[in-house]
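Biologist: I would like to learn how to read the packing of helices in a model. Could you take me through it slowly, with the general idea before each case?

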Amino acid sequence: MSPHETALGPVARAGAGTAPRPSVSFEFSPPKGPKSEASLWEAIRRLEPLNPSFVSVTYGAGGSTRDRTHRTVVRMLNETTLKPAAHLTCVEATRSEVDEVIRDYWAAGIRHIVALRGDPPGSLGGAYTPRPDGYQNATELTAGIRAIGDFDVSVGLYPQIHPESPSVEHDIEVLKAKIDAGATRAITNFFFDIDGYLRFVDKIRKAGVTIPILPGIMPVSSVEGLSNMSQRVGVTIPGWLANLFEGLDSDPETRKLIAASVAAEMCVRLTEEGFSDFHFYTLNRADLVYAICRVLGVRETAHSSTEAAA
Ligand SMILES: Cc1cc2nc3c(=O)[nH]c(=O)nc-3n(C[C@H](O)[C@H](O)[C@H](O)COP(=O)(O)OP(=O)(O)OC[C@H]3O[C@@H](n4cnc5c(N)ncnc54)[C@H](O)[C@@H]3O)c2cc1C
């Protein structure tokens, strides 16, 4: 890179193409109805040619999306080239009910589950009371999944610690327990403090954890919508981010441009720190994530089912 090029910002530096191309994965939510189903599948089809390492589908509070999550994941498996993962929680279900869901996934050919405890239905951030006859937490759930089949199991991780956790050290012990139970990958909650994230991962590595840790990237196009939720899930919205969106409430196009450039800068900085796996919270839209992937050098491959069918 010439001295002139080094004066450019992260996005332009990434365009120089000297950094290795990262792996990406995409998270979707199950559709609520026919209209959202159509837009979800439009997003899936747009992102599929980027050949993500996997895609995942969330599980609604209290198992409310059990059937929709199952349908979406199985359709991905049967109709696309994607490698789908199903999120699963312990909330308001007995062990045998959860085990039945796990067995159904195995029978359908799904081999990757994102194992989570879940939150109390209707009160994100409220006190969680596990059912006595249910899985008590994601560690137990991970063990239960592995007892049923040789699944790849991803688990959640919180760069600003889990809101119920007393310390980062506790979270690291919990992560280690999940790995002992069979977890193969951790996916982090979204975050905006890169330096804090780097310190967090460094601590985990120093504690001897070697499984992949995928930074969860949320391209945020509205701070207003996010601030309520982020407080409850323990994510700080930095002042600089709020300033960038100030006065843009009725200007979604500009907010989208800012969202893509902020997330792209975060990812480029992380690639420059050696991170090579990113998990994107797509919010069921392809445009921002597609643009960020372009910046990272992630391009279409020739193996998508849409191209194969053409
Ligand atoms: C990548 C990602 C995806 C998510 N997807 C969904 C989703 O699809 N649906 C949904 O409802 N929610 C989802 N969530 C949110 C998640 O359910 C909540 O954050 C929830 O509050 C905690 O889930 P967990 O799996 O991290 O819990 P756990 O790891 O089970 O932790 C919960 C509590 O149990 C304790 N604990 C766990 N294991 C042990 C142990 N071995 N020893 C001692 N204490 C232990 C922890 O300290 C903590 O206090 C997601 C979160 C992330 C990061």
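Biologist: How are helix 11 and helix 12 placed relative to each other?

Modeller: Helices here are DSSP runs of H or I with at least four residues, and strands are runs of E with at least two, numbered from the N terminus. Axes are lines fitted to C-alpha atoms, for helices over the stretch in contact, with angles from 0 to 180 degrees between N-to-C directions. Angles under 35 degrees count as roughly parallel, over 145 as roughly antiparallel, 65 to 115 as roughly perpendicular, and the rest as oblique. In this predicted model, helix 11 (residues 252-272) and helix 12 (residues 287-295) pack at about 40 degrees with their axes 9 Å apart, and the two are therefore oblique to each other.

Biologist: Which residues of helix 11 and helix 12 make the contact?

Modeller: Two residues are in contact if their C-beta atoms, placed from the backbone, lie within 7 Å. Helix 11 contributes Lys 256, Ala 259, Ala 260, Ala 263, Ala 264, Cys 267 and Val 268, while helix 12 contributes Leu 288, Ala 291, Ile 292 and Val 295. Ala, Val, Leu, Ile, Met, Phe, Trp, Tyr, Cys and Pro count as nonpolar, Asp, Glu, Lys and Arg as charged, and the others, Gly among them, as polar; the residues of this contact divide into ten nonpolar, no polar and one charged.

Biologist: At what angle do the axes of helix 7 and helix 8 cross?

Modeller: The axes of helix 7 (residues 168-181) and helix 8 (residues 194-206) cross at roughly 55 degrees and come within 10 Å, which makes helix 7 oblique to helix 8. Their contact is made by Val 168, Ile 172 and Leu 175 of helix 7 with Phe 200, Lys 203 and Ile 204 of helix 8, and these residues divide into five nonpolar, no polar and one charged.

Biologist: Is Pro 238 buried or exposed?

Modeller: A residue is buried if 20 or more other C-beta atoms, placed from the backbone, lie within 10 Å of its own, exposed if 12 or fewer, and partly exposed in between. Pro 238 has 11 such neighbours inside 10 Å, so Pro 238 counts as exposed. Pro 238 lies in the loop between helix 9 (223-232) and helix 10 (239-245), and, leaving aside residues up to four places away in sequence, touches Phe 192 and Asp 193.

Biologist: What should I keep in mind about the numbering and the model?

Modeller: Residues are numbered from 1 along each chain as its sequence is written. Because the model is predicted, local features need pLDDT of at least 70 and side-chain atom pairs count only at pLDDT 80 or more, whereas totals for chains, interfaces and linings use all residues.
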